[in-house]
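Please look at the sequence and the structure before reading on.

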Amino acid sequence: MFLHPFLVCLVALAFVAVVFWGHRKRSKIEPGSALKQAAEQLEEGVLVIGVDGAPQLMSGPARRLLGWRDGEGLPNPLRRLLDSPTGSLTLKPVVLPGANDQVVEASVLPARSGRRIIILRDIGETMALDATRRDFVANTSHELRTPIAAISGLLDLLEGAEGDYAADLLARAQRRAAALGQMVEDLLSLARAESPDWALRPEAINVSALFEQLNDRFSPLADKNPKTALGFESTVDELEADPSALETVLANLIDNALTHTEEGSVQVSTSLAEDGTLSFWVKDTGSGISSEIAPRIYERFFRGDCCSFSQHSLSQGDKSESRGASTGTGLGLSIVNHLVSRMRGRIGFNSTEGEGTTFQVELPPQGGKTL
Ligand SMILES: Nc1ncnc2c1ncn2[C@@H]1O[C@H](COP(=O)(O)OP(=O)(O)OP(=O)(O)O)[C@@H](O)[C@H]1O
Ligand SMILES: [Mg+2]
């Protein structure tokens, strides 16, 4: 997987080198030559540098990547690359006029008659992906380390403890272990939702049955707080979607709504637009989402300041039971976001601090009928 970009670069170099072979005898490269045409077909930028160090050919993509205009000399990093023995160099960053910053990787290959071929590749996206991967591993390790340290501390204390104190320590260690298990489950769900190999399995879903299932699952959690009512109302009979994905989406939204609603209600409902677009609504009268954290709530591991009223009060039910701690893992909405886009849907929310939040999940119409 990591080799892929290098292989692409190598193939591009080989391709250009083969075409270039036919031109080795000519000192000038004709504007309509096969080499020029071949270079224009490549996504990578191609430059052919003559013995005098001046470019004899610069493909369109190369010009765009370097922001090069006629009459300009080669950028300094490229000159340095040509002065150095054959190899590759990462130019960081090459700024294109009017475009965003780009990170361009340049590789050089010697050619006949003292010429050199330079291949340029935009590696900005690859680098951003690498950075995301690194962050994810770092965050995951950190998040896993915390409960593991807590469990090991509790087990140390348990050694030699007796009676109620020992029972309390044991219960706390068990809750931490369950929270750890939940986190691993969440990570697996996220990895599945992100994986292109994981296919959704849409089937007919009876919405009332789904709501009953969710009600059974969440009413014990809601009942822990007598000041909050949980309700479901559907105007749609049936839809076609992956049942497990849809349930995960709604369960996470309901879990969040209950977690952040001290008093009032959490209402789950549906609506059907004329074009067949089906929306699920999860509306709560809770703490709301502040404008500072609103742009970040779908990020992996992001947790806002938890709860005007503590999750401790709900800590016996559902996901919160296994967490046992006062916060979740911050993966819920990230999973939801991925699943909704895999279902070709959209998610959005409206929130007013102190008044509550409404999440809307919109699923596209399917062949004229409800998705
Ligand atoms: N209905 C809501 N009301 C208020 N804040 C919310 C609501 N839904 C989400 N949030 C905020 O968004 C943050 C991210 O939510 P997310 O579901 O991703 O993580 P989490 O609930 O903290 O943990 P978990 O991984 O267990 O779901 C929450 O920590 C919370 O601050
Ligand atoms: Mg959550």
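Leaving aside its neighbours within four places in sequence, which residues is Leu253 in contact with?

## Contacts of Leu253

The model is predicted. Beyond its neighbours within four places in sequence, Leu253 is in contact with Val282, Leu333, Val336, Ile347, Phe359 and Val361.

## Nonpolar cores

The largest nonpolar core has 46 residues, and Leu239, Leu246, Leu253 and Phe280 touch the most other members. At least two residues of this core come from each of α6 (163-194), α7 (207-223), β8 (238-241), α8 (243-259), β9 (264-272), β10 (278-284), α10 (332-342) and β12 (356-363). The largest share, nine residues, is supplied by α8.

There is also a second, separate core of 16 residues. Leu78, Ala106, Ile118 and Leu120 are among its members.

## The five-stranded sheet

An open sheet is formed by five strands in the order β7-β9-β10-β12-β11, with mixed pairing. At the edges stand β7 (228-233) and β11 (346-352); each has a single partner strand, so one side of each is left without a neighbour in the sheet. On average, neighbouring strands are turned by 10 degrees against each other, direction ignored.

Within the sheet, β10 and β12 pair in the antiparallel sense over seven bridges. Ser279 stands opposite Glu362 in β12.

## Helices on the sheet

Helix α7 lies across β7, β9 and β10, and runs at about 175 degrees to β7. Helix α8 also packs on the sheet, where it touches β7, β9, β10, β11 and β12. The direction of α8 makes about 20 degrees with that of β10.

Notes. Residues numbered from 1 in each chain as written. Chains lettered and ligands numbered in written order. Predicted model: local features only at pLDDT ≥ 70, side-chain atom pairs only at ≥ 80, totals over all residues. Heavy atoms only, no water. Core = buried A, V, L, I, M, F, W, Y, C linked by side-chain atoms within 4.5 Å. Buried < 20%, exposed > 50% of the residue type's maximum accessible area, 1.4 Å probe, protein only. Helix = DSSP H or I, 4+ residues; strand = E, 2+ residues; numbered from the N terminus. Contact = heavy atoms within 4.5 Å. Pairing = 2+ DSSP bridges. Axes fitted to C-alpha atoms, helices over the stretch in contact; angles between N-to-C directions.
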